[in-house]
Amino acid sequence: MDRPRPGLNRRRFLRGTALAAVPYALLPDARAGATAQAVDYPLAEWQPANSGNYTASNRPTTYPLDYVVIHVTQETYPNTLSIFQNPAKKVSAHYVVRSADGHVAQCVREANIAWHAGNWDYNTRSIGIEHEGWVDQPAYFTNALYEQSARLTAAVCDTYRIPKDRAHIIGHYEVPGTDHTDPGPNWDWTRYIRLVNFA
């Protein structure tokens, strides 16, 4: 036996068309919920570090931003996010870039001081960007990783008026007092700086 179908009344029709007319930009992001507002870089996904792994601040008011520090994780992308979320590790970076597709996660707000450089002065004055991979495995430095990272670095430089050159976009190994070697000899600095300047 067929059930009677409810009639389409004017009120139901108007409610449906009004909802359809709402721009998608005004609807909440089902993936990220309220935390979607936390990102500084619009193409990033919010993956917050534990609050015990960075210092709250109000940069660039409290400290000027002069550098972008380029890192290589020596870990996988998901393991890096887990490390930043573990309060016992006492480490973080502002961003992590995935090797396979260049996907960007933001872990610390740019206004806050991530613990990435191993030098307090440089931590206060820089944005740290980790790249999934190992310094001795250049296959991790994919086209997507270089391109998306360069777009991110260009956006950071534009926001804080950081010159897009090798004096201000530096490797972790160039931070005074560090014992790190990343991003290592396989990182193509010429290509990277060119991509940053054309992003």
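This is a predicted model: local features need pLDDT of at least 70, side-chain atom pairs count only at pLDDT 80 or more; totals for chains, interfaces and linings use all residues.

**Arginine 161.** I started in the loop between α4 (143-160) and β8, where arginine 161 has its place. Its phi is near 55°, a positive value in a residue other than glycine.

**Lysine 90.** I found another positive phi at lysine 90, about 55°, and lysine 90 is not a glycine either. I placed lysine 90 in the loop between α2 and β4.

**Cis peptide bonds.** Next I looked at omega. The bond from arginine 59 to proline 60 is cis, with omega near 5°. Proline 60 belongs to the loop that joins β2 (54-55) and β3 (67-72). I noted a cis bond from aspartate 182 to proline 183 as well, with omega near 10°. Proline 183 is in the loop between β8 (169-171) and α5 (189-198).

**Whole chain.** I stepped back for the layout. I count 5 helices and 8 strands in the chain, and from the N terminus the order reads α-β-β-β-α-β-β-β-α-β-α-β-α. Of the 199 residues, 39% are buried. I also checked sequence separation: taking contacts between residues at least 6 apart in sequence, 72% join residues at least 24 apart. The accessible surface comes to about 11,100 Å², and carbon and sulfur atoms account for 53% of that.

**Helix α2.** Which residues of α2 (residues 77-84) are buried? I get Tyr77, Thr80, Leu81 and Phe84. They lie on the same side of α2, because the arc they cover around the axis is only 100°. I then asked what covers these buried residues, and the list includes β1 (44-46), β4 (95-97), β5 (104-106) and β7 (126-131). At the N-terminal end of α2, threonine 76 is the cap: one of its side-chain oxygens is 3.2 Å from the backbone nitrogen of asparagine 79.

**Charges over rings.** Tyr77 turned up again here. The charged end of arginine 98 sits over the ring of tyrosine 77, 5.0 Å from the ring centre. I wrote down a second case, arginine 125, whose charged end sits over the ring of tyrosine 122 at 5.5 Å from the centre.

**Aromatic pairs.** I searched the whole structure and got 10 aromatic pairs. The one I opened up was phenylalanine 141 with tyrosine 146: ring centres 6.4 Å apart and planes at 65°, so I log the pair as edge-to-face. Both phenylalanine 141 and tyrosine 146 are buried. Tryptophan 187 and tryptophan 189 also make an edge-to-face pair, with 6.2 Å centre to centre and 70° between the planes. Tryptophan 187 has a relative accessible area of 3%, so I log it as buried. Tryptophan 189 is buried too, with a relative accessible area of 13%.

**Serine 99.** I went back to the loop between β4 and β5 for serine 99. It is buried, as its relative accessible area is 6% and the buried class takes anything under 20%.

**Asparagine 197.** Last stop, helix α5, which holds asparagine 197. I log asparagine 197 as partly exposed, because its relative accessible area is 41%. A polar atom of the asparagine 197 side chain lies 2.8 Å from the backbone oxygen of isoleucine 193. I also looked across the sequence: aspartate 165 is 32 residues away along the chain, and the C-alpha atoms of aspartate 165 and asparagine 197 are separated by 8.5 Å.

Definitions and conventions. Residues are numbered from 1 along each chain as its sequence is written. Side-chain values use heavy atoms; hydrogens and water are left out. Rings of Phe, Tyr and Trp (its six-membered ring) pair if their centres lie within 6.5 Å; planes under 30 degrees apart count as stacked, over 60 as edge-to-face and the rest as tilted. Buried means under 20% relative accessible area, exposed over 50%, partly exposed in between (1.4 Å probe, protein chains only). A charge sits over a ring if NZ of Lys or CZ of Arg is within 6 Å of the ring centre and within 35 degrees of the ring normal. Helices (H or I, at least four residues) and strands (E, at least two) are DSSP runs, numbered from the N terminus. Contact means heavy atoms within 4.5 Å. Accessible areas come from the Shrake-Rupley method with a 1.4 Å probe; for residues, only the protein chains shown count as cover. The arc is that of the directions from the helix axis to the C-beta atoms. A polar contact is a pair of N or O atoms within 3.5 Å; within protein, one must be able to donate a hydrogen and the other to accept it, and residues adjacent in sequence count only if both atoms are side-chain atoms.
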